[in-house]
Amino acid sequence: MKSEKICIVIPAYNAGSTVHQVVTGALKHVSKIIVADDGSEDNTAEVASQAGAEVIPIDRNQGKGHALKLLFEKAIEDGYEAVISMDADAQHDPDDIPNFINTHEKYPEDLIVGSRMHEKDKIPRGRYNSMHIARFFISLAANQFIEDTQCGYRLYPLSLIKKLHLTSDRYVTETEILIKTGDSGATIRPVRISTIYGETNVSHFRPLLDIDAITGYVISYLWVKWLIEGVSSNRPYTYTPHNFRDWVGDRKFINGRFMVFTWLTIFPMLIFYFLEYHLLSFFIKNNFASIRRMNRGFLPVFFSAYMLLVLLPLGILDLSLRTIGLNVNFMDPFIKMFYPDLWEQED
Ligand SMILES: Nc1nc2c(ncn2[C@@H]2O[C@H](COP(=O)(O)OP(=O)(O)O)[C@@H](O)[C@H]2O)c(=O)[nH]1
Ligand SMILES: [Mg+2]
């Protein structure tokens, strides 16, 4: 039976060659599909509508995050309980939809995120490594281990979305949603999905700019989160809508400068947090509650953050040695050692 309480939303940009198969595949499982056509220069809108989707046109390209937010608003207006987001480029198999729906029925409050991490060999190596590092820091900010933080195939309960105030755009929004969901105390649950990296999958992801934007957001979020946790007793969840970080996020000019400021100061600040963790705890019981409950102390977090400085030279060394024919791999053991799953022992 097709679900009537859930609709599929697809942010799309220049996806004329793939969106038809995504829409027809998904229509087997739900009756409503909404595509946001984000100023495409090709026939995305026409193809999507012929395949049976409702199309919301956006006149100039404003990125995935903006389109997702519009799609959430539309689904809320139409009275849906939850939406499943899918990529328009056929990297998500529509036959995984029932997994999301079944999990949602068991855990209606939870954010459900597709995970491809069980199929490591199918993910390009560089991509996998950056996904592994990103998930370490995003999991820290979200107070729980998230298997695959970079996957766009997700089920969002709209009751949860209504509680978040989102300030970022493009590829950052999906990271922002994970962090704010987790840091307000909700659960993020993985479902395994098929991993598809085909030759036809042209990415719009700009490695330097988009990774920078995501990293900038995560660092600035942790900077503020730890500032709050350091002086608070028993407070692992720090997100409330329209808090200080959101106030900054709403002001583009200030936000850009704030992110640069947190980037430049994060390493000295880590020393400050480290001292706070050990010294202030005599006066403020269970400060840094989100870190304490992992039972590993502050050192692993401290080292992992500092090791970011070693990653780039190590990556370059790895690549250069392989270019001259030496089959080395320093990166994998390094990443395993410094970016572990700190949450596995949590009860
Ligand atoms: N609305 C909108 N969606 C986008 C844009 N860029 C990417 N997307 C969506 O996000 C999905 C993932 O983007 P993609 O570039 O394939 O990133 P990758 O799969 O991580 O390499 C695409 O399939 C689109 O559905 C954009 O500029 N606007
Ligand atoms: Mg893609």
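Helix α8 covers residues 207-230 and helix α10 residues 252-279, and their axes come within 9 Å and cross at roughly 35°. Here helices (H or I, at least four residues) and strands (E, at least two) are DSSP runs numbered from the N terminus, and axes are lines fitted to C-alpha atoms, for helices over the stretch in contact, with angles from 0 to 180 degrees between N-to-C directions.

Before going further, please keep in mind that this is a predicted model, in which local features need pLDDT of at least 70 and side-chain atom pairs count only at pLDDT 80 or more, while totals for chains, interfaces and linings use all residues. Residues are numbered from 1 along each chain as its sequence is written, and chains are lettered from A and ligands numbered from 1 in the order in which they are written.

Back to the helix pair. From α8, Gly216, Ile219, Ser220, Trp223, Trp226 and Gly230 meet a set in α10 made of Phe258, Met259, Thr262, Trp263, Ile266, Met269, Tyr273 and Glu276; two residues are in contact if their C-beta atoms, placed from the backbone, lie within 7 Å. By class, this contact of α8 with α10 has nine nonpolar, four polar and one charged. The nonpolar class holds Ala, Val, Leu, Ile, Met, Phe, Trp, Tyr, Cys and Pro, the charged class Asp, Glu, Lys and Arg, and the polar class the others, Gly among them.

Helix α8 has another partner to look at, α5: their axes come within 9 Å and cross at roughly 25°. That makes α5 roughly parallel to α8, since angles under 35 degrees count as roughly parallel, over 145 as roughly antiparallel, 65 to 115 as roughly perpendicular and the rest as oblique. This crossing of α5 and α8 is left-handed. On the α5 side you will find Ser130, Ala134, Phe137, Ile138, Leu140 and Ala141, which meet Ile211, Ile214, Val218, Tyr221, Leu222 and Lys225 in α8. The contact of α5 with α8 divides into 10 nonpolar, one polar and one charged.

Now for the domains. The protein chain is divided into domain 1 (6-196) and domain 2 (210-306), with bounds from an automatic or database domain assignment. Their C-alpha centres lie 27 Å apart. The contact takes 23 residues from domain 1 and 21 residues from domain 2. On the side of domain 1 that touches domain 2, α5 (125-142) and α7 (172-182) are the elements that give two or more residues, and α5 gives the most, with seven residues. That side has 10 nonpolar, eight polar and five charged residues.

Finally, turn to ligand 1. It is surrounded by 17 residues, of which the closest are Pro11, Asp38, Ala67, Asp87 and Ser203; a residue is near a molecule or strand if its C-beta atom, placed from the backbone, lies within 6 Å of it. At least two residues of this shell come from each of β1 (6-12), β2 (33-38) and α3 (64-77). The shell around ligand 1 divides into seven nonpolar, six polar and four charged residues.

Note on methods: A crossing is left-handed if the near helix is turned anticlockwise from the far one by less than a right angle, and right-handed if clockwise.
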